[in-house]
Amino acid sequence: QNVSKMCKAAGEVRKKGYTPYVPCLDLLLGVINGDWDEEEYREGGIEFLEVCDAMLVISHSWGVEQEIKRAKELGIPIYYSVEEMRRDGGSDRGAY
């Protein structure tokens, strides 16, 4: 269910001019390849977050809370709905 929500939100984020990063797609890569553990998945997500212009929160979990904390440390705007996001996509980076 979260995968579907993330992918639908990514489509809407793209319409606003951002290049979305969808964390759950990395999880699928790890499942398909069979060689990613949970820590690698979380670390990779944080690395992407660190180069993003914005973060869109569509669900809550311990991992999401850690990502929110890191986004705040970096001064990355955090949005809780696609409607809140700027129309121009910020810069050439992306949205997490």
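1. Lys15 counts as exposed because its relative accessibility is 59%, the classes being buried under 20% relative accessible area, exposed over 50% and partly exposed in between, with a 1.4 Å probe and protein chains only. Its side chain meets that of Glu12 in a salt bridge, at 3.2 Å from N to O, where a salt bridge is a side-chain nitrogen of Lys or Arg within 4 Å of a carboxyl oxygen of Asp or Glu. Lys15 and Glu12 are separated by about one helical turn because they stand 3 residues apart in helix α1, residues 2-15. Glu12, with a relative accessible area of 38%, is therefore partly exposed.

2. This is a predicted model, in which local features need pLDDT of at least 70 and side-chain atom pairs count only at pLDDT 80 or more, whereas totals for chains, interfaces and linings use all residues. Residues are numbered from 1 along each chain as its sequence is written, and side-chain values use heavy atoms, with hydrogens and water left out.

3. The side chains of Glu50 and Arg70 meet in a salt bridge of 3.0 Å, N to O. This pair links distant parts of the chain, with Glu50 in the loop between α3 (38-49) and β1 and Arg70 in helix α4, 20 residues apart. Glu73 also forms a salt bridge with Arg70, the closest N and O atoms being 2.9 Å apart, and both of these residues lie in helix α4, 3 residues apart, about one turn of the helix.

4. How many helices and strands does the protein have? There are 4 helices and 2 strands, taken as DSSP runs numbered from the N terminus, with helices being H or I of at least four residues and strands being E of at least two. From the N terminus on, the elements run α-α-α-β-α-β.

5. Helix α2 has a buried set made up of Pro23, Cys24, Asp26 and Gly30. These residues lie on the same side of α2 because they cover an arc of only 150 degrees around the axis, the arc being that of the directions from the helix axis to the C-beta atoms. Just after α2, Gly34 takes a positive phi of about 70 degrees.

6. Val3, Leu25, Leu28 and Ile32 make a nonpolar surface patch of about 360 Å². Patches are made of residues with over 30% relative accessible area and no salt bridge, with like charges joined within 9 Å and nonpolar side chains (Val, Leu, Ile, Met, Phe, Trp, Tyr) within 5 Å. Helix α2 (residues 23-33) gives the most to this patch, with 3 residues. Leu28 has its place in helix α2 and counts as partly exposed because its relative accessibility is 38%.

7. Is Cys52 buried or exposed? Cys52 counts as buried because its relative accessibility is 5%, whereas Cys7, at 36%, counts as partly exposed. The disulfide count comes to 0, a disulfide being a pair of cysteine sulfur atoms within 2.5 Å.

8. Ser59 is found in the loop between β1 (55-56) and α4 (62-74), and it counts as buried because its relative accessibility is 15%. Ser59 touches Asn2 and Val64, not counting residues up to four places away in sequence, where contact means heavy atoms within 4.5 Å.

9. Glu84 lies in the segment after β2 (78-79) and is partly exposed, with a relative accessible area of 42%. The C-alpha atoms of Glu84 and Leu56, which are 28 residues apart along the chain, are separated by 9.4 Å.

10. For the totals, 36% of the 96 residues of the protein count as buried. Of the contacts with a separation of 6 or more, 59% are accounted for by residues 24 or more positions apart. The protein exposes about 6,100 Å², of which carbon and sulfur atoms supply 53%, with accessible areas coming from the Shrake-Rupley method with a 1.4 Å probe and, for residues, only the protein chains shown counting as cover.
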